[in-house]
Amino acid sequence: MATTRLDSSTTDGASPGAPAGRSRAAGPAGPGSARARLVLLALLVAVLSGLLSGTVPAQATPVSPVDSIITDPGPLPLGYLPLTPDEAGTACHVKTLDGCEQAALIVRAINATPCTGRITATFYSMSIDAYADALVAREKCGTDLHILTWHGLDEDGEVIKDSEQLRRVRSAVKKYGNGWYKSCRYSCYDRRAKGTMHMKEWLFSSTGDQQDVIIHSENNATTNGDLVHFGSLTVLSDPCAYTALSAWIDLGRKDKARTTPKPFSTCDGQRTFHVAPTKKNAALDLLKAIKEPAPGCRVEHDMNQVTIDAPTDQVVRLHKAGCQTRAVVDWKLFSQGVLKSASQMKQIRRLVAAGVPTFDASWKPTAYNHRKATIAQNGDVRWAASGATNQTKGSFKSANILLVSRVGADVTAAFAASDVMVAYSHQLTLESVGCVGAKKKQPAGCTSQHSSASKRATSSKHLGGSAGSADPGESFEQRASELGED
């Protein structure tokens, strides 16, 4: 039976050169961006000091540390911006975008793009009218739209239809002829019919007075991204990364296998983009590079999906070596059977059994962790890896992008975002997650030879009812399609 896709993230590549009359010079960060950074850090400190000073109720209200600066009419705030659901998932008003952190920021950038400019966007799904309204308006006035998304197949092998919002954008591009619209069945980059179009990137030739802007996101263009998901954005104004990323996205229009380019960096080399499909796991390689933990070593592993052994091996290794480690995962939907992945449950059990403090993002019954971030500090080495790339085999077959930042402010903000997530999460124990099964397959630390305890994964006071999605368009079947193993 065919289904309608309301919530999805996924090109002869025309030259990514600048439209006529567009300056290629990236202006320096203005006073507005500096002020935004200071406001963000101050707000994060205030949030954390209030949250971590005592016990946080299970249904407490997460605070939006970036909401106040997203509505600033000045330049877009640059750098790493945490996304935290506001008002316990009730304050994202999709008509006005009040309280919708991600949507408000991106729609603001769309509206500020000149008619002579270009907007390049990749997303797995869209279900907010404001995105479509803004994109259609830009298309009408002459802005080139380059749209790369995904349609996929349902369990019966039928094409999943685009959402009403995506159909409007596609129709506008066809009618006015400015740019192109491509919806891929698989990754857009693999003729072997592998993976999905899972990237979430927004590129603007110029927006307001900022040039070559990239908004690198972990969340889709849906209400869930602002209502119940933890995530992050990284906003850049950089011609080097803009040119390279534009060219890579344009190649996706061909929907054919392409040689994955080498990682490309921002002009100052402080941030590096790693694109997939690829066999290279940049976050894993960075963890492996920490040979001996230095005093103050800290590693954070916050994953929407983790189904392969190697990242867990490294986190456990560093934990045993004395590094401060922690993980925020997605457990309850799997333990309840809403999503099915024995591999996901195994990796979480391994972390818990090894003594790694492991938390389930359970602040709201319908919430789950949509963040994909690995962050590390070891001596003078600091980095934060974030993006649409889960730690699954399927993720590296899909169209994904991982951004590794070595900018100190980005790393600080990423760690602070993890602290906020933990404050609203439920810590998992061996009793709550159970063991793997047969004794020879149990991780070290397991004593029980049965897994019935996993059914008690999270107590009823944390679940509070159905674990269904707040956005009816973001089906768990679509989300599970990226697991790639089970």
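Cys240 is partly exposed, with a relative accessible area of 37%; here buried means under 20% relative accessible area, exposed means over 50%, and partly exposed lies in between (1.4 Å probe, protein chains only). This is a predicted model, in which local features need pLDDT of at least 70 and side-chain atom pairs count only at pLDDT 80 or more, while totals for chains, interfaces and linings use all residues. Residues are numbered from 1 along each chain as its sequence is written, and side-chain values use heavy atoms, with hydrogens and water left out. Helices (H or I, at least four residues) and strands (E, at least two) are DSSP runs, numbered from the N terminus.

**Disulfides**

- A search of the whole structure finds 4 disulfides, a disulfide being a pair of cysteine sulfur atoms within 2.5 Å.
- A disulfide is, in general, a covalent bond between the sulfur atoms of two cysteines.
- Cys240 is joined to Cys267 by a disulfide, with an S to S distance of 2.1 Å.
- This pair links distant parts of the chain, since Cys240 lies in helix 7 (residues 239–251) and Cys267 in the loop between strand 8 (264–265) and strand 9 (271–276), 27 residues apart.
- The link of Cys240 and Cys267 is right-handed, with 105° about the S-S bond.
- Cys267 has 45% relative accessibility and therefore counts as partly exposed.
- Another disulfide is formed by Cys115 and Cys141, whose sulfur atoms are 2.3 Å apart.
- The torsion about the S-S bond of Cys115 and Cys141 is about -115°, so this disulfide is left-handed.
- Cys115 is in the loop between helix 3 (101–111) and strand 2 (118–122), and Cys141 is in helix 4 (residues 129–141), so the pair ties together parts that are 26 residues apart in sequence.
- Cys115 is partly exposed at 31% relative accessibility, and Cys141 is partly exposed at 29%.
- Cys184 and Cys188 are also joined by a disulfide (S to S 2.0 Å), and this link is right-handed, with 120° about the S-S bond.
- Both Cys184 and Cys188 are buried.

- The buried residues of helix 3 include Glu101, Gln102, Arg108 and Ile110.
- The largest nonpolar core has 50 residues, of which Met126, Tyr131, Trp202 and Ile215 touch the most other members; a nonpolar core is a set of buried Ala, Val, Leu, Ile, Met, Phe, Trp, Tyr and Cys residues joined through side-chain atoms within 4.5 Å.
- Helix 3 supplies the largest share of this core, 7 residues.
- Another core, of 30 residues, lies apart from the largest one and has Ala283, Ala327, Leu339 and Leu428 among its members.
- In soluble globular proteins, nonpolar side chains tend to be buried together.

- An open sheet of 9 strands has the order 8-9-16-15-14-10-11-12-17, with mixed pairing; two strands pair if DSSP finds at least two bridges between them.
- Strand 8 and strand 17 (426–427) stand at the edges with a single partner strand each, so one side of each is left without a neighbour in the sheet.
- Strand 15 (residues 381–387) and strand 16 (residues 400–405) run antiparallel and are joined by 4 bridges.
- Ala385 has Val404, in strand 16, as its bridge partner.

**Asp162**

- Asp162 lies in the loop between strand 3 (144–150) and helix 5 (164–176).
- Asp162 is buried, with a relative accessible area of 5%.
- Asp162 and Ser127 are 35 residues apart in sequence and 9.9 Å apart in space, C-alpha to C-alpha.
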